[in-house]
Amino acid sequence: MNIDTISIKGSGEWNEDALVMNESLHIYGVLDGATSIHPYRGPNQETGGYLASACIKHYLEDLRAEEVDSTTLKQVVIQANKRLRDKMVEAGVNIADKVSLWTSALALIRVHDYSVDYAQVGDCMIAAVYEDKSVRVVSRDQVAHIDLESKRIWEEGIRNGITSREQLWEMVKPVIIKNKSRMNTISGYSVLSGEPELADLVEYGTLNRINLKAMLMVTDGLFHPVERGSNDSGGLERLVQAVMEKSLSSYADWLISLEVEDSNCQKYPRFKVSDDKTAVWIQF
């Protein structure tokens with residue numbers, strides 16, 4: 001296997017993404033931590049999003065064969081979620097308050113000789129590429145329908161002449177806070193948050209490796225940009241095509257340049273100038 005990775009800090013204070021690279025068990029993935037609305041700072045001023053992804057990363061990378069060979073990747077993710085809960089309890093976080101929870105999305109695979117197991121939570125995504133260069137989107141963005149309302153408000157603000165990203169953020173913040181109540185509910189979205197309800201909402205499965213050429217796992221900071229007013233839904237396929245034609249790093253460089261040119265988030269509506277960008281690209 002040939003493995004290429006990137007993890008680039010965005011415009012925030014910390015890179016809240018993380019790579020998962022447990023090469024002895026052939027487990028690979030990406031994490032996208034999200035800071036709680038009620039802010040928390042660690043001993044070195046780490047954000048809750050950073051601590052969430054770091055906690056899960058360390059758990060997954062410290063796994064041994066005897067811990068996973070008799071279980072599923074779904075159960076591994078559930079155990080990682082329990083570990084996150086324990087860390088928050090140790091830190092004094094009120095785990096009964098959803099807006100105080102440290103959270104993380106996840107896209108994870110384990111490669112076997114004839115198959116690939118996968119697990120996914122939140123808006124990290126997984127794609128497979130076959131010998132004929134066809135792209136198969138394996139996962140579903142579990143957060144997209146939740147984000148839609150916030151993005152509509154953002155776009156409405158732009159149409160009303162607001163050009164400040166900070167003002168636009170203040171408009172959508174109440175909706176984002178409200179949506180936290182829908183974490184790990186049947187009408188909401190899945191996310192690693194330490195909540196036991198996640199156990200019923202992890203998406204997982206197995207692909208066979210017949211003609212499987214490559215797999216990509218990405219955080220949402222690398223999603224192909226969508227112009228204001230567009231209903232485009234083919235961004236992941238275009239992202240994969242760009243990586244195949246060029247490389248992960250060249251695609252990331254192009255995207256960052258575009259974000260810099262649109263620093264007020266007007267042409268490509270988004271909540272940050274530049275989100276953290278993490279990916280694993282595996283070619284078999």
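Let's start with two helices. The axes of helix α1 (residues 48–61) and helix α3 (residues 73–90) come within 9 Å and cross at roughly 130°. That makes α1 oblique to α3. On the terms: angles under 35 degrees count as roughly parallel, over 145 as roughly antiparallel, 65 to 115 as roughly perpendicular, and the rest as oblique. Axes are lines fitted to C-alpha atoms, for helices over the stretch in contact, and angles run from 0 to 180 degrees between N-to-C directions. Helices (H or I, at least four residues) and strands (E, at least two) are DSSP runs, numbered from the N terminus.

A word on the source. This is a predicted model, where local features need pLDDT of at least 70 and side-chain atom pairs count only at pLDDT 80 or more, while totals for chains, interfaces and linings use all residues. Residues are numbered from 1 along each chain as its sequence is written, and side-chain values use heavy atoms, with hydrogens and water left out.

Back to the helices. Which residues of α1 meet α3? From α1 come Ala 52, Cys 55, Ile 56, Tyr 59 and Leu 60. They meet Val 76, Gln 79, Ala 80, Arg 83, Leu 84 and Lys 87 in α3. Contact here means heavy atoms within 4.5 Å. The residues of this contact of α1 with α3 divide into 8 nonpolar, 1 polar and 2 charged. For those classes, Ala, Val, Leu, Ile, Met, Phe, Trp, Tyr, Cys and Pro count as nonpolar, Asp, Glu, Lys and Arg as charged, and the others, Gly among them, as polar.

Two strands pair if DSSP finds at least two bridges between them. Strand β5 (residues 115–121) pairs with β8 over 6 bridges, in the antiparallel sense. Ala 119 stands opposite Tyr 204 in β8.

Now the other sheet. Again 5 strands form an open sheet, in the order β1-β10-β9-β6-β7, and the pairing is antiparallel. Which strands stand at the edges? β1 (2–8) and β7 (135–137), each with a single partner strand, so one side of each is left without a neighbour in the sheet. Strand β6 (residues 125–130) and β7 pair over 3 bridges, antiparallel. In β7, Val 137 is the bridge partner of Ala 127. Helix α7 (residues 248–261) lies across β1, β9 (212–218) and β10 (277–283), at about 20° to β1.

One more helix pair. The axes of α4 (residues 144–159) and α5 (residues 165–180) come within 9 Å and cross at roughly 155°. That makes α4 roughly antiparallel to α5. The contact of α4 with α5 has 10 nonpolar, 3 polar and 2 charged residues. Ile 153 and Trp 154 are among those from α4, and Leu 168 and Trp 169 among those from α5.
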